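Welcome! Try each task before reading its solution.

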Amino acid sequence: MMRERERGSPRSDEREIESQKRDRVASSAITSGWPRWLRRRLKNSSDLDIKLEGVVVEQQSQSQMLIRMDGCFCRWEGCVLEFMEKGKVGKVTRFKSRVSNVKTGQTTGRFTVINPSIYKLVVHQMDVKTAFLNGDLDEEVYMNQSEGFVFLGNEKKVCKLVKSLYGLKQAPKQWHEKFDTIILANGFKHNGADKCVYSKFTSKYGVIVCLYVDDMLIFGINMLGVCETKKYLASMFKIKDLNEADTILGIKVKRHSEGYALCLSHYIENKLLKYKHLNVKEVNTPFDSNYKLVENTGRAITQLEFASAIGNMMYAMHCTRPDVAFAVNKLSRYTSNPSAEHWKAIARVFGYLKKTKDLELYYSGYPAVLEGYSDANWVTSVDDNKSTSGWIFTLGGGAISWASKKQSCISHLTMESEFIALALTGKEAEWLRNMLYDIELWPQPMSAISIYCNSQATMSEAYSKIYNGKSRHISLKHEYVRQLIEDGVISIVNVKSSGNLADPFTKGLSRDMVMVTSIGMRLKPF
């Protein structure tokens with residue numbers, strides 16, 4: 001009796017239908033040449049979502065534009081893709097299917113961190129499931145029926161997309177517009193400097209939401225605002241609540257007695273294992289100042305692997321390791337045609353990361369003052385006689401923004417190279433100030449941001465209302481810096497070279513100076 005009732009129940013019927021769907025997909029996969037492990041997963045997995053939502057089958061007309069697309073579940077024979085969503089570091093929590101364009105692909109990335117240590121904010125994390133499926137299409141898009149998902153009796157028809165899918169070029173834009181509309185309707189407002197940062201402050205709570213594609217961090221003064229925001233978003237989207245922030249975009253978030261720390265040791269260990277064939281040895285500095293790297297005129301040595309290694313180091317540099325910024329900047333100039341000497345320099349950077357893999361970026365909340373450091377090294381590029389700019393900003397005790405860049409124009413004097421670096425630092429200071437200005441936690445009006453520079457001539461030129469030089473590109477930067485000073489955005493302060501935290505972003509330093517500047521950036525083991 002129980003079995004008969006169970007068979008007749010709606011829930012058992014749904015399970016049987018889903019099982020039949022999986023069997024059909026698994027059988028069609030055999031004819032598609034998919035691997036055995038995938039066919040076994042398609043047949044046995046109970047959490048696999050194979051609903052063909054977002055498409056309707058229609059007869060194609062001559063005026064309709066057809067996009068040649070394929071949809072599958074795994075990377076196989078170069079034409080299909082696998083999307084895996086990760087929770088804890090290195091742990092796969094679920095698989096997602098996507099539609100991938102046969103001709104093109106696209107990636108995007110940039111990570112924005114707002115320091116919650118200053119005001120002891122609560123930090124929670126959420127993930128939007130299949131985020132791009134929430135986007136609404138503004139135009140008609142048609143695609144071929146995917147192999148393995150052909151509707152019987154309608155083999156010659158095409159699919160009309162009724163919602164945005166993964167793989168469409170407009171999918172990220174449509175998803176952001178949908179999220180933007182929904183969260184603004186709940187009383188949130190945009191940040192003037194970053195359109196992916198939203199804030200809402202009431203008499204009972206204050207909440208800041210930072211969105212990166214489908215991952216979001218929610219900062220709250222108390223749990224009331226965080227819980228209400230979660231409840232609202234869960235009513236609008238399929239949301240996975242990850243509770244207190246633990247790992248965001250591969251970066252480990254650790255909480256300590258004074259605030260938070262960002263860690264990337266697991267990532268560095270993984271990359272050291274990947275490049276173990278380089279026989280990496282531990283060293284005390286990321287770049288040897290005695291290296292005279294020049295362009296390779298001979299044959300390139302494993303160019304693709306070199307570019308991959310640069311990308312791996314660049315990710316670590318952008319996230320939590322500003323101490324390797326100059327080395328990565330220098331080596332990335334030779335990506336197109338690397339030589340054996342360039343590979344030795346790569347191995348040295350990995351050797352430094354191996355020795356210092358446990359360093360974490362600390363934020364204690366003090367001092368709650370935004371400060372910047374600017375520096376330049378004149379004519380560091382032997383090939384084109386261009387200088388290198390470097391800057392870093394600190395807030396809440398740790399570094400929040402940094403860069404090491406080759407200057408785009410040739411400077412005739414040391415002062416000119418310093419002034420070019422100062423203009424770039426001022427531009428970054430203006431952006432950071434605008435971002436903080438729209439967060440109601442920060443006291444208003446905001447004081448001028450102090451930028452420390454070790455060049456007296458550059459300081460004198462910045463506060464002078466007359467530029468006597470002949471280079472037009474320098475005069476524009478002079479006018480821009482002078483305007484920032486007059487508007488109260490920045491103020492220039494003199495500092496000794498030994499106390500300039502931007503020094504390691506323009507040149508290779510000795511072991512002692514690397515240790516001193518790393519401490520100044522608040523890089524230390526947990």
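In what follows, contact means heavy atoms within 4.5 Å, and angles run from 0 to 180 degrees between N-to-C directions. Keep in mind that this is a predicted model.

**Exercise 1.** Find which strands helix H4 lies across, and its angle to E11.

*Solution.* Start at residues 171–184, which make up H4. This helix lies across E7 (122–128), E10, E11 (197–201), E12 and E13. Now compare directions: H4 runs at about 5° to E11.

**Exercise 2.** Work out the strand order of the open sheet and name its edge strands.

*Solution.* Tracing the six strands gives E10-E11-E12-E13-E7-E14, with antiparallel pairing. Next, look for strands that pair on one side only: these are E10 (189–190) and E14 (239–244).

**Exercise 3.** Describe how E12 and E13 are joined, and find the helix H5 that packs on the sheet.

*Solution.* First, take E12 (residues 206–212) and E13 (residues 215–220): six bridges join these antiparallel strands. As an example of facing residues, Val207 stands opposite Gly220 in E13. Then turn to H5 (residues 223–236), which touches E7, E12, E13 and E14. The direction of H5 makes about 150° with that of E13.

**Exercise 4.** Classify the crossing of H10 and H11, then list the residues that meet there.

*Solution.* The axes of H10 (residues 414–437) and H11 (residues 456–463) come within 9 Å and cross at roughly 60°. Therefore H10 is oblique to H11. The crossing is right-handed. Finally, Met415, Glu418, Phe419 and Leu422 in H10 meet Ala457, Thr458, Glu461 and Ala462 in H11. These contact residues divide into five nonpolar, one polar and two charged.

Key
Residues numbered from 1 in each chain as written. Predicted model: local features only at pLDDT ≥ 70, side-chain atom pairs only at ≥ 80, totals over all residues. Heavy atoms only, no water. Pairing = 2+ DSSP bridges. Helix = DSSP H or I, 4+ residues; strand = E, 2+ residues; numbered from the N terminus. Parallel < 35°, antiparallel > 145°, perpendicular 65-115°, else oblique. Left-handed = near helix turned anticlockwise from the far one by under 90°. Nonpolar A, V, L, I, M, F, W, Y, C, P; charged D, E, K, R; others polar.
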